[in-house]
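Let's take a walk through this structure together, one region at a time. Have the viewer open and follow along as we go.

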Amino acid sequence: MSRDLQRWLPQVLLYLGLVYLRLGALSSVVALGANVICNKIPGLAPRQRAICQSRPDAIIVIGEGAQLGLAECHFQFRHGRWNCSALGDTTVFGQELRVGSREAAFTYSVLAAGVAHAVTSACSRGNLSECGCDRHKQGFSEALGLAGERDEGWKWGGCSADIRYGLDFSRIFVDAREIKQNARTLMNLHNNEVGRKVLEERMKLECKCHGVSGSCTTRTCWTMLPRFREVGHALKEKYNSAVHVEPVRASPHRRPAFLKVKSTPRNYRKPMETDLVYIDRSPSYCEEDPASGSLGTRGRLCNRTSPHADGCDLLCCGRGYNTHLYTRAWQCNCKFHWCCYVKCNTCSERVEVFTCK
């Protein structure tokens with residue numbers, strides 16, 4: 001077997017397996033197939049593999065949620081030295097960053113939020129067998145109006161997103177990866193929960209008015225998931241203010257008990273539940289270093305005039321940049337002639353492109 005085939009085989013098996021499960025996850029034949037296929041999916045912890053075998057329909061949605069999180073990571077860091085490209089597709093959740101850096105903190109939080117978002121969305125669409133709309137949001141409710149008066153006539157209706165189910169499922173499946181008892185596990189679990197909290201805090205209440213002649217005598221309301229881009233922006237802000245922490249052990253030979261803020265050596269101040277945390281300082285990401293998840297910035301496109309992270313000075317780490325000139329051509333000034341053809345001119349321009357040395 002060639003090296004290329006060996007490298008791509010796990011991904012091919014995963015793709016074919018998920019398609020197979022999607023076509024008939026509830027039949028006994030596919031249940032047997034799920035047992036085989038789940039054992040072939042790389043990167044699953046034992047508890048995750050057991051969930052995969054018992055809920056083959058859910059593993060498809062989990063994969064979609066992981067891809068949602070990875071895509072958001074690529075978007076949020078598209079202009080930075082680290083642009084998520086080192087994560088790859090070797091497992092359902094991508095390649096793990098070995099360094100417990102700010103970037104790892106963001107990755108874990110956005111993946112946990114992505115799985116919760118995808119599972120909740122699948123429940124609302126009826127794509128999962130054990131969940132649906134939020135059954136707790138039924139009947140009438142009350143809310144305070146803008147002036148503090150009681151706002152009567154609000155009732156739950158439609159299909160409210162069952163965010164609690166999505167959060168719980170994400171917690172059960174995603175957190176099951178953390179099987180080691182060390183500081184990195186505490187960091188990962190903390191950041192997973194931050195991602196889920198950010199998603200929950202951004203749930204939206206949508207309402208529709210009912211009444212004679214457009215009046216709002218009664219309102220029907222339901223909860224909706226936020227756009228995942230909103231979650232990504234919020235987590236990026238938390239990444240910018242992430243907290244450096246270190247483990248605290250109950251005794252010198254015991255496993256870490258909890259994390260404390262590193263800048264407080266005498267006082268054991270724990271990080272806030274809404275803070276992203278990291279235990280290792282980030283590398284520069286200027287040079288290629290597979291151990292730290294850095295692909296380097298050589299050959300990356302940069303903006304010569306930008307003072308921000310995508311500028312050639314910052315992105316190229318002071319190594320300088322190469323200038324490439326090429327001609328871009330396209331059809332322009334098109335006119336329709338009777339009858340019946342379109343005649344266009346060919347326009348062109350000289351374009352400069354800059355890449356890091």
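Over how many bridges do strand 11 and strand 12 pair? In this predicted model, the two strands are joined by 15 bridges and run in the antiparallel sense. To place yourself along this pairing, find T323, whose bridge partner in strand 12 is F354.

Now widen the view to the sheet around this pair. Three strands make up an open sheet, arranged in the order 10-12-11 with antiparallel pairing. Strand 10 (301-302) and strand 11 are the edge strands, and each has a single partner strand, so one side of each lacks a neighbour in the sheet.

Next, look at the loop between strand 11 (321-337) and strand 12 (341-356), where you will find W338. W338 counts as exposed because its relative accessibility is 77%, the cut-off being over 50%. Together with F336 and V342, W338 makes a nonpolar surface patch of about 440 Å².

Since E352 belongs to strand 12 and R304 to the loop between strand 10 and helix 9 (312-315), the pair ties together parts that are 48 residues apart in sequence. Both ends are partly exposed, with relative accessibility of 41% for E352 and 42% for R304.

That is one of 17 salt bridges found in a search of the whole structure. E193 is partly exposed at 22% relative accessibility, and R171 is partly exposed at 28%.

D175 sits in the loop between helix 6 (163-174) and helix 7 (183-201). Leaving aside residues up to four places away in sequence, D175 touches S170, L189, N192 and R196.

A further salt bridge joins D134 to K137, with the closest N and O atoms 3.0 Å apart. Here D134 counts as buried at 7% relative accessibility, whereas K137 counts as partly exposed at 24%.

Let's turn to helix 5, which covers residues 102-125. Its 24 residues reach 35 Å from the first C-alpha to the last, close to the 34 Å expected. Of these 24 residues, 21 are buried, so helix 5 is largely enclosed by the rest of the structure. Just after the helix comes G126, with a positive phi of about 80 degrees.

Our last stop is strand 5 (residues 243-249), which is joined by two bridges to strand 7 (residues 277-278) in a parallel arrangement. There, H244 has Y278 as its bridge partner. Strand 5 is also joined to strand 6 (residues 256-261), this time antiparallel and through five bridges. In that pairing, R249 stands opposite P256.

Definitions and conventions: Residues numbered from 1 in each chain as written. Predicted model: local features only at pLDDT ≥ 70, side-chain atom pairs only at ≥ 80, totals over all residues. Heavy atoms only, no water. Helix = DSSP H or I, 4+ residues; strand = E, 2+ residues; numbered from the N terminus. Expected span 1.5 Å × (residues − 1). Buried < 20%, exposed > 50% of the residue type's maximum accessible area, 1.4 Å probe, protein only. Patch = residues over 30% accessible without salt bridge, like charges linked within 9 Å, V, L, I, M, F, W, Y side chains within 5 Å. Areas by Shrake-Rupley, 256 points an atom, 1.4 Å probe, with all protein chains shown as cover. Salt bridge = Lys/Arg side-chain N within 4 Å of Asp/Glu carboxyl O. Contact = heavy atoms within 4.5 Å. Pairing = 2+ DSSP bridges.
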